[in-house]
Amino acid sequence: MDQTTRLFSPSRPGVDLLIRGAHVLDPRAELDEPRDILIRGGHIAELAPADSIGADGRLEVVEAEGRHLFPGFVDPHVHLRTPGQEYKENIDTGTAAAAAGGYCAVVAMPNTNPTVDSAAVLGSLIELARREARIPVGFLASVTRGLNGGELTEMAELRDLGAIGFTDDGKPVVSAGMLRKALQYQRLCGGIVALHEEDPELSQDGVMHEGAVSARLGLAGIPSLSESNMIARDSALALYEDARVHFQHLSAAESVAALAAAKEAGAHVSGEASPHHLALTDDLVRTLDSRFKMNPPLRAESDRQALIEGLRSGVIDCVATDHAPHALHEKEVPFEQAPMGVTGLETAFPALYTELVMSGELELATIVERMTAGAALYGLPTPRIAAGEPANLCLIDLEARFVVGEDGYVSRSANCAFHGRTLYGRVLLTLAAGAVAYRRPVLVRGEDDRAQAAIGADASEASR
Amino acid sequence: MTNRMPRHLISIDDLDRSGIERVLDRAESFAEVSGREIKKVPALRGRTVVNLFYEASTRTSSSFELAAKRLSADVVNIRSAGSSVDKGESLKDTVQTLSAYDPAAIVIRSPYAGAAQLVAGWTEAAVVNAGDGKHEHPTQALLDVFTLRRRFGSLDRLNIWIVGDVSHSRVARSDILAFTRMGADVTVCGPPTLIPREIEALGCRATATLEHIDEADVIYVLRMQHERMHQSFVPTLREYAARYQINHQRLRPEQLVMHPGPVNRGVELSAATIDSPQALIGAQVKAGVAVRMAVLYELLVGSPVLAAVA
């Protein structure tokens, strides 16, 4: 099966568009300068020095001087809540939120109701994605049936049907013996095995990071080694079975060290970190606001620094949002009762840009590279800005400032850990698989004048 | 005094030292009322206090009820058993329903940290935290400080040991904050399984043995719940008692003993110690009503009363 065919969306006509004068940054293409980009039929037809391509009368032109154009982001870890919890999110709203965050592809997790553990469920999801996805979506199926940790799914059949790989995300595969069988079976069917690492015996009924803040609040803590112990265990299994394993949402300094050691030992492993773990700490839980409750939890500043260093050095391979929508009534309860999870697709880039790039901790190019690196890890095509490539692009105004949530969210849910924060970096336009997936709506407000100008002639069309 | 009372009492952190002193000074005057034959003042006449208890409670709920009644408030008591809470109503819906009665104050006890703070966001009433999970129990800490202040005049440089299950104790957390704010030196002591990592961040010292208990002026003993044994926090209550029970073999005659109640006789405290003059347990219970009257008074008096009906 061709890897591009493991991503699903309606087939849309390719767009014709000239994006003029944007600062184009694609670290893999060694592009970091103003360029004109001509898109014909959904493919990049021409890349030329700024202001060198003239517009003919029929072509839509986006005047983008002063804005930045990046390859579209790829998120290997989102929860679209479909089937079963469409009141939190569905394929339409979840992929619309992704497009609004500059993403051109996302990978959905299988912990739905029912679980994506059979050809029937996966098949119906693929059909749904082909009808309503705003950007291409891929799916992981579960490692074990119903996430029960006890019986393997029909991994080969699920792969044949289009599963990118397998995960019991939301839960660890507790039994080392069960995971070992899945890794052995991977030799037959391929597909990445992605792991949510947590030792339930150490996590117990924990609801936040174990440390000074949990001591103050009287909340049960989740120690860091609940995660790092399991990463060490499963890295050893991956090495022994020569398997391909990806560790999801690293949160602790000890986990970064365990991943580095596994790579050093030659294990075929990779890891991701989320914007909330990279930008926020458990100090915020002092508010007892359930917007700061997720699993793994926000940890200490020393953990955050280790994650940033891991992302910089490449020990952590990519950024993943773990976008996990929950309805207001589910989150509007005392902290211990609230479900784990925060949304993140719409704020991933602005959060990382504001909190890590503007603060001088990471280079902009590093963020862009890590926000697109998930594709290759999952065997999907990496978005590139080069002539002949399909148009997977996002146009961002780094100087545009906004208050998160002020204008609501594109996602069906509002449980965003960055809610109320002032961030920089507005997504103005997203192209996914050659089609316009998102265009920032023009609002009647002074600060959006720049955005309006950027979107140019087409703004009036969008508002019709 | 110029310092302003907060609108709610959720945490000891809502009060600085002068705020605590102001409540305690007010409590002194209400303690005098409690000594009268007619134990009632008209301060809250015509106003409503709702006691919303999601956990079993004897002394806290009865003392809040008495405190409100002695201030002449109308009191509504709601317990989770037998109420709409039992039928699955959310905390938010319950609070909004009760708020329709326009209460002046809602007193809430919940098994979950942060419940009182959430309630404060959903109602116009003043909210008093009567215990939220293992987080805080600020009125207990105030009555403990009141009891100690009466005995010692001041808590400055007083050496207080808090002994037992600190992990699961909201009383311990509020007491550490209140005692240190009033100038005391606080040490927490208990089995390492029941002392949270990094508890020192609250401003106390931590130790696993009673070796230096003789340095304490006051020993504040926490309740040891039987269920902790089943969760293997301690192997047996027998072993716990052997290591941590406060009794007359371990006490110097000048040391005083406190306990938030209810006591497990023969576990954390010996029966003889409970009944000895060194124990301040009865004084704590008595202080509870006066201190809670003071909290309600300070939060409510001065907020607008419906003038039209008068």
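This is a predicted model: local features need pLDDT of at least 70, side-chain atom pairs count only at pLDDT 80 or more; totals for chains, interfaces and linings use all residues.
View 1. Residues are numbered from 1 along each chain as its sequence is written, and chains are lettered from A in the order in which they are written. Local features need pLDDT of at least 70, side-chain atom pairs count only at pLDDT 80 or more, and totals for chains, interfaces and linings use all residues.

**View 2. Where domain 1 of chain B touches domain 2.** Domain 1 of chain B puts 23 residues into the contact and domain 2 of chain B puts in 21; two residues are in contact if their C-beta atoms, placed from the backbone, lie within 7 Å. On the domain 1 side, the elements giving two or more residues are α1 (17-34), β4 (126-132) and α10 (281-300) of chain B. Helices here are DSSP runs of H or I, at least four residues, and strands are runs of E, at least two, numbered from the N terminus. That side splits into 10 nonpolar, six polar and seven charged residues. Nonpolar means Ala, Val, Leu, Ile, Met, Phe, Trp, Tyr, Cys and Pro, charged means Asp, Glu, Lys and Arg, and the others, Gly among them, are polar.

**View 3. Chain A against chain B.** Here chain A brings 16 residues and chain B brings 21. Sorted by class, the chain A side has eight nonpolar, four polar and four charged residues.

**View 4. Around L296(B).** Leaving aside neighbours within four places in sequence, L296(B) is in contact with L44(B), V49(B), A67(B), A68(B), L71(B) and A105(B).
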